[in-house]
Amino acid sequence: MSTTIKSIFNVIWKVAVGIIGLYILLWMGVRVYGYFDRRYARAYWCDKELSEAVTARYFKNGRYKVFNELTGQYTTGKIRWISNRPYRDSLTVYCDENHNRGYINCNTGEIVIPASEAQYERAWHFSEGRAVVVLPHTDRLSVIDAGGNVVARNVAPYWKSQDYVFEDGVCEFEEDGCYGLLKKDGTWALEMKYDVLQTRNTEGYRLAKDEEGWWLFDSDFNQVFAEPYDDIDYAIGREHGTLFLTKGHHKMLTEYDGTVVEPFVIDGTYPLKYLVKYNSDGADEYMLDPDLVVYRVDSWEGLMNKHTGRLITPADYTDFTMISKELIRAELSFNYNDEAVVMDRNGKVISPFRFRKE
């Protein structure tokens, strides 16, 4: 083989090795780029806008970094997650790599309560200058201020999927089925003893129910009535400041200060009928009673004269059925046994018959 041919093959071999080497380098570069792109590149579509100047930038490794557009700098290292901007405050929750919670200012992007120092196990949005957290090594809820100082410690147990946020100066807590409202200074606006606790209405009033009954509180959490009622309902659809008060199966319409608007309120009526003819084909014939009607107060019932409106019985019964034209069965409870008494048309309960042995 001539020297010229050898030289050509030598060049071709070197070029081939170079091409293969370059291909390997390109292949490795693409793989490395793909790896770093998957692990560390930005994922713009998951960014969170915390304010006009501050954005939480999301990365493909599942981490965030907070960026201030005005300074052009990141204000945090990488964090696990960050919540949205609160409705009534500027401090939002973030979580560090060790699963501790802390707080970031949405207007500056700066960490104001470091998660590494506070080590909150749970934390909720700041609202009206207060936030609810679970302190380290506890399973109960505490309240902090914007400086991280504890305002109220271990006030109630933490319940999963519940939000704890101050609104109108109070936050609702619950323990063992009892609810209460805590004020921002750490004192109770309403003690944690109520089975039901309704949010304030447009007039600033709240309804609450405990083992004694229903109570009404004004916007300053003052108890409006000295005694509880069996039921209290806002008179929806009427002018502001009226409600229905029920006690002893008697309902009335009053103003919020107790001034009576209507002394006697019912929830409906239905007629009574009695059998006049039995037919074997099942099409029995009935006649509506010409004088009596049943009135309802909540789930309780009483008898009324349909002509004069005179009450024949109080609403102390649960159902009425005419046995005949002269006798009426009045049920006494909501049990399935249908315990009842028998009364005449005047509401007089018939005494039990005494049977005589022959």
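The side chains of D298 and K251 meet in a salt bridge, with 2.9 Å from N to O; a salt bridge here is a side-chain nitrogen of Lys or Arg within 4 Å of a carboxyl oxygen of Asp or Glu. The model is predicted: local features need pLDDT of at least 70, side-chain atom pairs count only at pLDDT 80 or more, and totals for chains, interfaces and linings use all residues. Residues are numbered from 1 along each chain as its sequence is written, and side-chain values use heavy atoms, leaving out hydrogens and water.

**Salt bridges**

- D298 lies in the loop between β24 (285–297) and β25, and K251 in strand β21 (residues 250–255), so the pair ties together parts that are 47 residues apart in sequence. Helices (H or I, at least four residues) and strands (E, at least two) are DSSP runs, numbered from the N terminus.
- K251 counts as buried at 5% relative accessibility, while D298 is partly exposed at 28%. Buried means under 20% relative accessible area, exposed over 50%, and partly exposed in between (1.4 Å probe, protein chains only).
- K251, D298 and D267 are linked in a network of salt bridges.
- The whole structure holds 10 salt bridges.
- E97 forms a salt bridge with R63, their closest N and O atoms being 2.9 Å apart. This pair links distant parts of the chain, 34 residues apart: E97 is in the loop between β6 (91–95) and β7 (101–105), R63 in the loop between β2 (54–58) and β3 (64–68).
- R329 forms a salt bridge with E331, with 3.6 Å between the closest N and O atoms. R329 is partly exposed at 33% relative accessibility, and E331 is buried at 9%.

**A three-stranded sheet**

- An open sheet has the strand order β13-β14-β15, with antiparallel pairing; two strands pair if DSSP finds at least two bridges between them.
- Its edge strands are β13 (170–175) and β15 (188–194), each of which pairs on one side only.
- Six bridges join β13 to β14 (residues 178–183), and F173 has G180 in β14 as its bridge partner.

**Positive phi angles**

- Q119 is not a glycine, yet has a positive phi of about 55°; Q119 sits in the loop between α2 (115–118) and β9 (122–123).
- D168, also not a glycine, has a positive phi of about 55° and lies in the loop between β12 (150–157) and β13.
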